[in-house]
Amino acid sequence: MTAALLLRGALTFLFAAQSIDSLPPRHPPRSVAIDERLAQDYGIHVGDTIVIAPTPQGKGDTVIVDALVRRTRDPSEVARGAYRIRVHLDELQRLVGYGDRVERFAVGTRGTAGADSALTAIDDAAFGFHAYSSHEIAVESSTTFLVVSRFHRAIGVITIVASAIFLLCIMLLKVDERRRDVAALRLMGISRGTIVRSVVLESALIAVLGSIAGVALGAAVSAFVNWHYQRVYRTPLTFSLVTGQIVVIAVGLSVGLGIFAGLLAAQRLVRRPPLSLFGR
Amino acid sequence: MILTLARASLVRHRARTLLAMLGVAVSAAMLLDMVMLATGMRASFGSLLVAQGFQIRLAPKGTLPFDTDATIPDASDIIQQLMARRDVVAVSPVLGAQLHVEHGSASVSAAALGTIAAVQGDYKLLTGRAPTGDDEIAANDALLEAVGTKLGDTLRVAAGFDPQLRTFTGRRSLRVVGRVHFIYLSAGERALAIPLDALQSMEGPSRTNRVSLLMVRLRDSANVESARTGIEQSIHTVSAISTATAIEQVEARLSYFRQLAFILGSVSLAVGFLLVTTLVTVSVNERLGEIAVLRAIGVRRTSIVKQILIEGTAIMLVGAVVGLGLGLVTARYLNSILAAFPGLPEAISFFLFQPRDAWLSLGLLAVCGILAGIYPAWRGASRPIAHTLREEAVA
């Protein structure tokens, strides 16, 4: 396919099955590539003949579907339901009456130095348009996802704080539940340090086992999230990614919090006289 | 007596009780935030759409308003057709474009809305008056600051560029007669309002008698959905979108947040439930002897269960009240993050507090508190008295 111009919304797609005025067919009809979702939703196949027109029920061109195009992993496309078709540039310009105009050029250069000098040269020569590097475009168009990332990070921090409080609470309750056992051990002569270490060891073990279960659960949920949203939005985009770094951070945090909670609970318990732990 | 015993039990282990309440508060805050997130977008967007009283919007066929550069042709005929309908009170046509305000040797781009001042629903007048003449505009503060002008000044404005002649096209001198706030634009977006025919003329033949959007105000007694269907069937070049439809379509795009809200809200509720269950279970296990003694002296099982339930519910309710305050603070913070979405109208709020949300969260937590305590309470109160006394109270 040649390079195509996409004028979103400037083109309306109509089925060949409808009785529509069309321009005299060009011989042979030119080819287009259509969105895979469009093909699925309307039962169109490669080789089918369709009519494309700029307005509903307006005059259009008869074309042949030459290929189906899958959406790219572009986050900005995710929530947009609009279909896309790829058309020969000159044909689209003629069809929508756009004349010898385009919305943008993509320029390939030899290396970064070439890109910088091309940017300068284009900006100096241009009037009415501006040249951007791909990096600048990527940064600008990523603003939405930066906002989403910040939001996720904020939710993550709140979740960690909440989890820490819950963990501390439950550890305190569970350790407190065994205060008679601790009292008995103290009266037998076991030192405070030994008791604290055993509680911390226990909480560390629980934290490690819980982390392993959490990582497995997180990986499973991540896989489910990707499967679900890829199906809903019909996109190959990966929504959730569990990386080694994320696992290390999550396990480190949870084990650290678990040990801290156990230490705090144990210290609280061993500070009290053994007989008071018996309720005497 | 039940209340006294419940209070005494909670006070006996202050640290534990406070920590549990804090845990519930965090859970309640998260739950409230998620309830606000799930409902806020819809309520906020809905009230924004009907703020000016227009219930239906007409956009080029197959598109949403201002989603693309497409325009509706034969606008004047369509307006006549709409005004002929008995259920239509007013029609406001809007043409969107990008204009360039000359500022020294450079230019400042601004969004331009071509409207008819008498029926427009896109901006609120702050000072001055709405533009009615071909040489008048009203601008928002962002644009006025960007070009360093004020009311009464004249600006040179162009519609486009001719790269071959290296000049601006569609140039006009326009006087700023009003300072306005655009209802549907994002914060900081530079914009101006100009009479519709003036903008169409500046844009050239490609925009003659064309608009980007038509807003329709119906009579109070009109059925919005039948009016929408009737309009779409009679005018084939437009898609008619009611407020309800627009909300659904925006919600579909932002459904991720609603689903996230549901998941996190459910997790918060589950964790709060778990916390109270654990607390009540531990508390009951510690007091098995005490419970057996109470039962031995004639206190009924149901009274003991009630006492324990009151403890669990009290923790939940106090925690929930604290959590409501905490939730409002975190909601404000989270909303400030999401408000930075590019292109989001300034008036949209993701976390909108409605008293109904607070009652819903409180109610859910209260029910959770009761359910969390039922099983451990009943189990503790159902142990055989003599056996429990021998093991716990006597030993």
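The expected span of a helix is 1.5 Å times one less than its number of residues. Keep that rule in mind for the first view of this predicted model.

**View 1. One set of residues in α11(B) is buried.** Among the buried residues are B:Asp357, B:Ser361, B:Leu364, B:Cys368, B:Ala372 and B:Pro376. What do the buried residues of α11(B) pack against? Their partners in chain B are α2, α8 (255-286), α9 (288-296) and α10 (301-338).

**View 2. Helix α2 of chain B bends at B:Gly40.** With 36 residues, α2(B) reaches 51 Å from its first C-alpha to its last, close to the 52 Å expected at 1.5 Å a residue. The bend at B:Gly40 is about 40 degrees.

**View 3. The largest nonpolar core has 75 residues.** Which residues have the most contacts inside this core? They are A:Cys169, B:Val24, B:Ala28, B:Leu31 and B:Val276. Helix α2 (residues 14-49) of chain B gives the most to this core, with 19 residues. Now pick out B:Val276: leaving aside residues up to four places away in sequence, B:Val276 touches B:Val24, B:Gly312, B:Ile315, B:Met316, B:Cys368, B:Gly369, B:Ala372 and B:Gly373. Another core, of 52 residues, lies apart from the largest one, and its members include B:Val101, B:Val157, B:Ala240 and B:Ile241.

**View 4. Chain A and chain B meet in a contact that takes residues from both.** Chain B gives 36 residues to this contact and chain A gives 28 residues. On the side of chain B that touches chain A, α2, α8 and α10 of chain B each supply at least two residues. The largest share of that side, eight residues, comes from α2(B). Sorted by class, the side of chain B that touches chain A has 20 nonpolar, ten polar and six charged residues.

**View 5. Chain A is assigned three domains.** They are domain 1 (12-95), domain 2 (111-140) and domain 3 (142-277). How far apart are the C-alpha centres of domain 1 and domain 3 of chain A? The centres lie 53 Å apart. The contact between these two domains takes nine residues from domain 1 of chain A and seven residues from domain 3 of chain A. On the domain 1 side, three of the touching residues are nonpolar, one is polar and five are charged. Chain A as a whole has nine helices and five strands, and of its 280 residues 17% count as buried.

**View 6. A:Gly218 sits in helix α7 of chain A.** This helix runs over residues 192-233. Is A:Gly218 buried, exposed or partly exposed? A:Gly218 has 16 C-beta neighbours inside 10 Å, so this glycine counts as partly exposed. For chain A, 77% of the contacts between residues at least 6 apart in sequence join residues at least 24 apart.

Technical notes: Residues are numbered from 1 along each chain as its sequence is written. Chains are lettered from A and ligands numbered from 1 in the order in which they are written. This is a predicted model: local features need pLDDT of at least 70, side-chain atom pairs count only at pLDDT 80 or more; totals for chains, interfaces and linings use all residues. Domain bounds come from an automatic or database domain assignment. Ala, Val, Leu, Ile, Met, Phe, Trp, Tyr, Cys and Pro count as nonpolar, Asp, Glu, Lys and Arg as charged, and the others, Gly among them, as polar. A nonpolar core is a set of buried Ala, Val, Leu, Ile, Met, Phe, Trp, Tyr and Cys residues joined through C-beta atoms within 7 Å. A residue is buried if 20 or more other C-beta atoms lie within 10 Å of its own, exposed if 12 or fewer, and partly exposed in between; C-beta atoms are placed from the backbone. Helices (H or I, at least four residues) and strands (E, at least two) are DSSP runs, numbered from the N terminus. The bend at a residue is the angle between axes fitted to the seven residues ending there and the seven starting there.
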